[in-house]
There are 2 protein chains.
Amino acid sequence: MPELPSPLMSPADRTVFFVSDGTGITAETFGHSVLTQFELRFKQVRIPFIDTLDKAHDAVREINEAFEIDGKRPIVFSTLVKAELSTVIRQSKGMHMDLIQTFVEPLEQELGVKSTHTIGRSHNIADSDDYKNRIEAINFSLAHDDGQSNQNLEAADVILVGVSRSGKTPTSLYLAMQYGIKAANYPLIPEDFERGKLPSGLVPFKQKIFGLTIAADRLSEVRNERRPGSKYAALENCRYEINEAEKMMRREGIRWMSSTVKSIEEIATMILQEIKSNRRAY
Amino acid sequence: MPELPSPLMSPADRTVFFVSDGTGITAETFGHSVLTQFELRFKQVRIPFIDTLDKAHDAVREINEAFEIDGKRPIVFSTLVKAELSTVIRQSKGMHMDLIQTFVEPLEQELGVKSTHTIGRSHNIADSDDYKNRIEAINFSLAHDDGQSNQNLEAADVILVGVSRSGKTPTSLYLAMQYGIKAANYPLIPEDFERGKLPSGLVPFKQKIFGLTIAADRLSEVRNERRPGSKYAALENCRYEINEAEKMMRREGIRWMSSTVKSIEEIATMILQEIKSNRRAY
């Protein structure tokens, strides 16, 4: 199970709870960003789907137990829309950071309307068009992973190109999953470099192509994990492929960026910005 | 581009900005949860990578422009770790919701240490073990999508089973991408039902199998989008497959849940809870 990385190997300094009436993903994501500001070790516990008073009381018991064990107040990040559930959680011995109330009340003032105070729309999420688009985009991206299909590329929102293992697949899937973007991806391979041409199936769609590149030593490392000692993974070969790929992208006027020290979230965000500024669509 | 669904078809009531020194994903995710509490239409603009004073001033200009156009104060959700950047954004004509400062200061008090106030660790994210695990898990899940491979199933953290189009693939990819969980998935097909047995490759791994099921009418709808009018998509056939799959899971003692009205985030959260309570590993 993933855990927040920490510089200290000592036992956790504090227990942190993420309490939510939904999945708790928002509370956890947000809590992580805040906690990374502290060089401490946190034991993190997500308590999702707290949508009844009984469950809220159970959560309080769990929080108080942590207090007994740690001898320190647990930190509680919560996203509970219903005030009565929030009130129960506040009775725990934790330090309560209420993400909804803290911002909803000032927003009600500003917007001049009352909030609906219903449990977030997440419960109907599976029926929304937005959600269906995401699922459709995932299917599209899987069908168009690694140049598997040239069909229907006109339906793609973006087409990622780059040498094998430059980060195209995870980025495509992330764009699809989080934003409903239909992201195809297409490898640039030695045959393309010999011909000195972009794969012909891509030519009509140059406007929506984004290139990914990567540092040769990093690529060699990644490929060596896959096929240790192969020509494919050799530093020299990686250097050759990357040089050729960058040359080709430059020549064809394809926008590209390096994935070497970027996460898929960062790459995806940069691509979204590019799409947005092309379309002027917000 | 996806947009927040709204009950009103009128122009946006307000412009909302998500300003961040990183991708802005946290600010946006969090802002969405808060905004869904209001039955208003918001025009949403993410401004990522604000990591210099110049960029912060540009962002202020953009916010002020929205104020001029809308005639109403824009709402600004920000996750800017550096106080000097946050100070610049506060000078805009927007209503400022500072997600970091609001919670970091009380936490400093509580924890008795100062926050690092560096730009979040997200910039080094691509080097972290946690990140590498996620990429490795994505590769694993892709290689073990739709029963493509029986090899190395002992390395899987979970194995999802269910009839075709019950939601296994998106859930597997989500678990891998967000949590570094190696999630294989395996279809239950008519041949399995005729034999009345779980695919033999899965038998040794029953402990980590989770089943997904789905309402027959929903499944038929989803399959009809793929193969309109096919036997595969016919309601009667869907009903048969689902009955058989549920019977099999019940007989084999496999835990299962319905994906009919659940999002992949909700299904993934439930699976995480199951894994956690098995391992008692937090």
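Chain A is assigned domain 1 (14–123) and domain 2 (128–279), with bounds taken from an automatic or database domain assignment. This is a predicted model, in which local features need pLDDT of at least 70 and side-chain atom pairs count only at pLDDT 80 or more, while totals for chains, interfaces and linings use all residues. Residues are numbered from 1 along each chain as its sequence is written, chains are lettered from A in the order in which they are written, and side-chain values use heavy atoms, with hydrogens and water left out.

**Domains**
- The centres of domain 1 and domain 2 of chain A, taken over C-alpha atoms, are 39 Å apart.

**Interface of chain B and chain A**
- Contact (heavy atoms within 4.5 Å) involves 88 residues of chain B and 88 residues of chain A.
- About 8100 Å² is buried between the two chains, 66% of it on carbon and sulfur atoms; this is the accessible area (1.4 Å probe) lost on putting the two parts together, summed over both.
- Six salt bridges cross the interface, each defined as a side-chain nitrogen of Lys or Arg within 4 Å of a carboxyl oxygen of Asp or Glu.
- One of the salt bridges joins Glu110(B) to Arg14(A), at 2.9 Å from N to O.

**Symmetry**
- Chain B superposes on chain A by a rotation of 180° with 0.0 Å of shift along its axis (RMSD 0.0 Å), fitted by least squares on C-alpha atoms of residues with pLDDT of at least 70 in both copies.
- This is the relation of a two-fold axis.
- Phe30(B) has the C-alpha nearest the axis in chain B, at 3.5 Å.
- The copies meet through the same surface, because 100% of the interface residues of chain B are also interface residues in chain A.
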